Amino acid sequence: MTFVGTNVGIGKTMVAVMPVAAFALWRFVIAIIALAPRYRPSNMRRVTRSQWGHLFVQTFFGTFLFTLLMLYGVRMTTATAAGVITATLPACVALLSWAVLREHPSRRTLVSIALAIAGVALLNASRGDAHGAGTSDAASGAWLGNALVLGAVVCEAIYVIVSKRLAAELSAIDICAYTHLIGGVLMLPLGIVGLMAVDYSALTLGHWALIVWYGLAASVFSFFLWMRGIRHVSAQLAGVFTAMVPVAATAYGVIFLGERLSVAQGSALALTVAGIVLAALPSAGSRKRLLPARD
């Protein structure tokens, strides 16, 4: 989730110099190249039809649609508004896990979710609307951007639920490889059109470095770590850690963009971290039950 949060800032930088679809396609191309050794026909034939169906659902919502909605959304709305909306992700995951997986939230889970949401909400409220819209047209665009980011949040929550089921059946690296292969195919028609509209003369070596890093961090590193971790925790607990997305995005701004961290922002970070620590603490007298490793 920390990788995902820092990539929000990188994505916002890159969609200013190239079309969203072109940048999204580069993400999948880089991932497919990096994961090429996993596409052995003998391994792929072992995946059942039902598992391919779950892989497609996870890909469509968690990589393809999420990528498009988030990149278009952050380009149209303010960073503050996007952060506030993404802060609802833990609650969205908890609701879906209760409805789909029948994981009834404990009191501690509810408290940890509340702390995480309160921390991120305070964080974004303290930042102010430095990029606020000044005209009615800009305000209309910001409203649409907010709606797109909210759609991305719902897609990510669906991804969390589906990944919980797949993690018990397939290895993390194979799930990563197959979903990005499917995602690359889905993105190809839109991406080709976007690639033809790119002004390559305007791209610097730094831009290409960000493209490669974004592809590896968003599609390989964060994805693999998530699929390994989701095997060992409930979907609700995993959802709490998604609060690190806006927190990491803010930390990226402070460290690399020279933004200052106020007392209110520090308090917000403390609340969010407290929620994550509370969720991660083992229950008294409980035995830790892990799913079998398949890597």
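User: In this predicted model, what percentage of the contacts between residues at least 6 apart in sequence join residues at least 24 apart?

Analyst: The model is predicted. The count covers contacts in the protein chain between residues at least 6 apart in sequence. Of these contacts, the share that joins residues at least 24 apart is 93%.

User: How many helices and how many strands does the protein chain have?

Analyst: From the N terminus on, the elements run α-α-α-α-α-α-α-α-α-α-α-α-α. The secondary structure therefore comes to 13 helices and 0 strands.

User: Is Thr179 buried or exposed?

Analyst: Thr179 is found in helix H9, residues 172–196. Its relative accessibility is 0%. Buried means under 20%, so Thr179 counts as buried.

User: Which backbone oxygen does the side chain of Thr179 reach, and which residues does Thr179 touch?

Analyst: Leaving out residues up to four places away in sequence, Thr179 touches Leu55, Gln58, Thr59, Thr63 and Phe223. Its side chain also reaches a backbone oxygen at 2.7 Å, and that oxygen belongs to Ile175.

User: Where does helix H4 bend?

Analyst: H4 covers residues 49–76 and has 28 residues. From its first C-alpha to its last it reaches 39 Å, close to the 40 Å expected at 1.5 Å a residue. The helix bends by about 40 degrees, and the bend is at Phe66.

User: What span should helix H6 have at 1.5 Å a residue?

Analyst: H6 is made of 12 residues, 89–100.

User: Why is the ring pair of Trp213 and Phe221 classed as it is?

Analyst: The whole structure holds 12 aromatic pairs. In the pair of Trp213 and Phe221, the ring centres lie 5.8 Å apart and the planes are at 55 degrees. Planes under 30 degrees apart count as stacked and over 60 as edge-to-face, so this pair is tilted.

Definitions and conventions: Residues numbered from 1 in each chain as written. Predicted model: local features only at pLDDT ≥ 70, side-chain atom pairs only at ≥ 80, totals over all residues. Heavy atoms only, no water. Helix = DSSP H or I, 4+ residues; strand = E, 2+ residues; numbered from the N terminus. Buried < 20%, exposed > 50% of the residue type's maximum accessible area, 1.4 Å probe, protein only. Polar contact = N/O pair within 3.5 Å; in protein donor to acceptor, adjacent residues only side chain to side chain. Contact = heavy atoms within 4.5 Å. Expected span 1.5 Å × (residues − 1). Bend = angle between axes of the 7 residues up to and from the residue. Phe/Tyr/Trp six-rings, centres within 6.5 Å; stacked < 30°, edge-to-face > 60°.
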